[in-house]
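Dear colleague,

I am handing over the structure that I promised to pass on to you. Please have the sequence and the coordinates open while you read the notes under them.

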Amino acid sequence: MAIKKLLAPLLIVALFCSPVFAWGSKEHMLLTRLAILRLLNDATTPADMKTWLKTLQPELGTVATQQAFFMKSRVGAASGSEKGISWWVVQPDARSGDKKTPVPPFEFAEQKLHFTDMENLNADVDKRAYKHDMSDAPDLNQVPRDIKDERWKEAGILPFAVENSYKELVKSIKAGRLSADDRKDEDNAVRWAAFLAHYTEDNTQPLHATEDYQCKRYFADRRGAPNVHSEMEYKMNDDEKNDYPKLRADYWKLLIKQLDTFKDPITTKDLWLATLQVSLESYKQIPLIGLAAMQASGQQGTPEKPTGRAGPIDTDKFFRYSSEVTGTHETVMQMKARQQAWAVVRVAEVWRRAWDEGKGK
Ligand SMILES: [Zn+2]
């Protein structure tokens, strides 16, 4: 009993620090609600789909409601009291603690469904570690579609997870299983829309596309390096100690601007391939994250040869750091807003496609 009591908080800390949290729970809820609103505000969305969308989230409100949620609320690891799809959309992370039980139809546990490390998909075994110059990124034409290929064991199976949840969503829509009245009912359009949204959102988190998911290679003391993964995910928007009102307000403006203007560059209708392409594009943002983490923590040296000791990351400095390293001059905050808008746009797209396919349109 005493050990259990001790372990519980440790487990929560471990879960919260684990790479499977991308984005954080609060962000998964936010991005998913924004996707619902995007479809509801779109004149081309079919009326019957809008009727269904309105059932997904009780007290959904407007974009301004989501802004207030983003600015003020603290979610942390989800509590279970969330309503509607907000509960379902964080279940993939809530289930990631179990690293053993395979999730049908896969032979992998839930944790492996949330990411796909580019380097580990490289055909060359000597090129499976992150490098600042991104020279270990794979040629996507050589990535095997066979889930039994040994590379997927290390790389994570996000492309298969997206593809599978899409298929299940279409099946549920076709069969008319449109509501989730019981949380134990795992086979309905709400559950599958939520899981599809979750994995689609994880797809645009750059640090879910690399084996170096905490950017440790940017630090001389890798063991003592600050947690860049959590910085990128929830530090600014869902921190226990700091609300970062100025950062959040600035971020919100950037996100809304991106939502109004962003066009999805991915054109293939093949969801497996599309997911890989999104991962590779997201991967290209990591050098900016790495440089920002070095600068915001006082890490000396170069990305190839960091020297001395780093301190904790200054969150404000991290998000306001700017560079042209990715080809366009932008701050980490601008890049994150673009990646998150991309997630919202893609969730709305895949839901709409699933609806049309399920309804035989
Ligand atoms: Zn996840």
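Predicted model: local features only at pLDDT ≥ 70, side-chain atom pairs only at ≥ 80, totals over all residues.

The protein chain contains 15 helices and four strands. Its radius of gyration is 20 Å, close to the 21 Å that the globule rule gives for 361 residues, so the chain is as compact as a globular protein of that length. Taken along the principal axes, the box filled by the C-alpha atoms is roughly 60 × 55 × 45 Å. Buried residues make up 45% of the 361 in the protein chain, and, of the contacts between residues at least 6 apart in sequence, 73% join residues that are at least 24 apart.

Now to the helix pair. Two packed helices are described by the angle between their axes and the distance between the axes. Helix H8, which covers residues 158–175, packs against helix H12, residues 271–283, at an angle of about 140 degrees and with the axes 8 Å apart. Because angles count as roughly antiparallel only when over 145 degrees, H8 is oblique to H12. The crossing in which H8 passes H12 is right-handed.

On the H8 side, the residues that meet H12 are Leu158, Pro159, Phe160, Val162, Glu163 and Tyr166, and their counterparts in H12 are Leu271, Trp272, Thr275, Leu276 and Ser279. Sorted by class, this contact of H8 with H12 comprises eight nonpolar, two polar and one charged residues.

Conventions
Residues numbered from 1 in each chain as written. Helix = DSSP H or I, 4+ residues; strand = E, 2+ residues; numbered from the N terminus. Rg over C-alpha atoms; globule rule 2.2 N^0.38 Å. Buried ≥ 20, exposed ≤ 12 C-beta atoms within 10 Å, placed from the backbone. Contact = placed C-beta atoms within 7 Å. Axes fitted to C-alpha atoms, helices over the stretch in contact; angles between N-to-C directions. Parallel < 35°, antiparallel > 145°, perpendicular 65-115°, else oblique. Left-handed = near helix turned anticlockwise from the far one by under 90°. Nonpolar A, V, L, I, M, F, W, Y, C, P; charged D, E, K, R; others polar.
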